[in-house]
Amino acid sequence: MSIEIKKIEDSPNFPNQADVVVVGAGIIGVCTAYELARKGVSVALVEKGTAGGEQSGRNWGWVRQQNRDLHELPLAQYSMQRWEELGPELQQELGFRRTGILYCTNEQADLDQWSKWSQGAQEYGFQNQILTSAQANERALTKSSSWLGGVWSPTDGRAEPGLAAPNIAAGAKEIGVSLHQNCAARGVEVTNRRVAGVWTERGLIKTNAAVFAGGAWTSRLCRHHGIELPVANIGGTALQTTSAPDVLGAGCLTIPGLALRRRIDGGYTLAVMGHGTLFITPQGMRYATKFYKMYRKRVAKKIKYRLNHSFLNGPEAWGSWLNDETSPFEKVRVLDPAPDLQLVKRALAAALSEFPALNGIRVERSWGGMIDTSPDLIPVISKTEKLEGLVIASSFSGHGFALGPGAGRLAAELILNEKPFVDPKPYRLSRFSDGSAITPSEMM
């Protein structure tokens, strides 16, 4: 595997039954399992690969409220509070630090958009600061460029993807969650249109409730049961540098062409913001019309289109299977796409150009990931009409790492039929089929 992920031991005994089965041990799945266990619910958490091994361990590690779609902001605000609490509560290192997030730009349109968003965010009690040119340049500490302005959120922060999901899983085990890695969920046992169990490669776990939190694989698992979850999996690239001086005026910084996060190991995580690869696949063609507005508005000039083996074998391929047969999820234990080396070189060159003090740093490792993206860039955290007892928590569009604690709580409340702590309507699956206007979010 191209990333470093903390290894967590499985629970010793495989369960025959559980109150809830959570499929997927990424950040959403482990947070859901933990929230359920805190309520005294018995939980089986099954993962086809390793906890945090896919996108939850490959993201940038930003934990932000700033520049969220306003529908996501309450979830982000709660999640920020829980990120601060979870490390001490679990007695685990998640790498979380409130070190601030800074955006800088030379485009007046960006500043106008940030200013408009900040005014709307104030209604939710969120405060940030629109920066003048002098303030942005003083805080950014860049050397080669000067900025027209920026936006600064001192209460936002960062965490370590290689630690967070595995250590939350470890904490969940301590309070009774039964964790089983290298154990793919093949499908759901259905009785009278209701969940009656979850079939895994190790056998059936009897249950009346299941949460699908499988990231890039969730749509394919949903289609196995006739549930349409429109998703485009967009390939991203990031890299880790060797240890280097601290040159940032914030924990995380975005400037045109570059995003940086200071890591707790002394290096940086770098990426080129907004660029990625969209692979031509059967799933992609099935849902292409739902993504037309987003492609045209947001990503058309930044996305490469490619055809590769994922057309036949992967999360977006086609084909059916029986629950007692080997499933597609066992054939690809960890989705580990190759990084785009052009983006790796571009990110490193930009960092060296803007921060001469980083001269001499090298690429420690680089990696690819698959970002499960919805047509409006808003996640799906929702019950389903076709199958009672099922909640989907997926399609986080690159926002899942930061939103994990809040999303986990909301998914737990939905599966237990409790009153949700935030309005779940913006996250409902049915918005893609009930005639609602699907407009891509202005903020990512």
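**Close-up views of a predicted model**

View 1. A quick word on the model itself: it is predicted, so local features need pLDDT of at least 70 and side-chain atom pairs count only at pLDDT 80 or more, while totals for chains, interfaces and linings use all residues. Residues are numbered from 1 along each chain as its sequence is written, and side-chain values use heavy atoms, with hydrogens and water left out. Now back to the loop: leucine 141 sits between helix H4 (133-140) and strand E6 (149-153). Helices (H or I, at least four residues) and strands (E, at least two) are DSSP runs, numbered from the N terminus. Most residues other than glycine have a negative phi.

**View 2. Asparagine 182, another non-glycine residue with positive phi.** Here phi is about 50°. Asparagine 182 belongs to the loop that links strand E8 (178-180) to strand E9 (185-191). With 41% relative accessibility, asparagine 182 is classed as partly exposed.

**View 3. The open sheet E9-E10-E11.** Follow the three strands in that order and you will find antiparallel pairing. At the edges are E9 and strand E11 (203-206), each of which pairs on one side only. From one strand to the next the twist averages 30°, taken between axes that are lines fitted to C-alpha atoms (for helices, over the stretch in contact), with angles running from 0 to 180 degrees between N-to-C directions. Two strands pair if DSSP finds at least two bridges between them; E9 and E10 are joined by six, in the antiparallel sense.

**View 4. Valine 195 in strand E10 (residues 194-200).** Valine 195 is buried, since its relative accessibility is 1%. Across the sheet, valine 190 stands opposite it. Contact means heavy atoms within 4.5 Å; leaving aside neighbours within four places in sequence, the contacts of valine 195 include Val188, Thr207, Ala209, Leu387 and Leu390. For a sense of scale, the C-alpha atom of lysine 48, 147 residues away along the chain, is 20 Å from that of valine 195.

**View 5. The largest nonpolar core, with 53 residues.** A nonpolar core is a set of buried Ala, Val, Leu, Ile, Met, Phe, Trp, Tyr and Cys residues joined through side-chain atoms within 4.5 Å. Ile27, Trp83, Ile168 and Ile381 have the most contacts inside this one. Among the elements that each supply at least two residues are helix H1 (27-38), helix H2 (73-90), strand E21 (390-394) and helix H11 (400-415). H11 gives the most, namely nine residues. Setting aside sequence neighbours within four places, isoleucine 381 is in contact with residues including Leu75, Ile392, Phe396, Leu410 and Tyr427. A second, separate core of 34 residues includes Val198, Ala216, Leu335 and Leu387.

**View 6. Serine 394 and its polar partner, threonine 218.** Find serine 394 in strand E21, where it is buried, with a relative accessible area of 1%. The side chains of serine 394 and threonine 218 make a polar contact at 3.2 Å. That term denotes a pair of N or O atoms within 3.5 Å; within protein, one must be able to donate a hydrogen and the other to accept it, and residues adjacent in sequence count only if both atoms are side-chain atoms. Not counting residues up to four places away in sequence, serine 394 touches Gly215, Thr218, Leu229, Asp372, Pro379 and Val380.

Methods: Buried means under 20% relative accessible area, exposed over 50%, partly exposed in between (1.4 Å probe, protein chains only).
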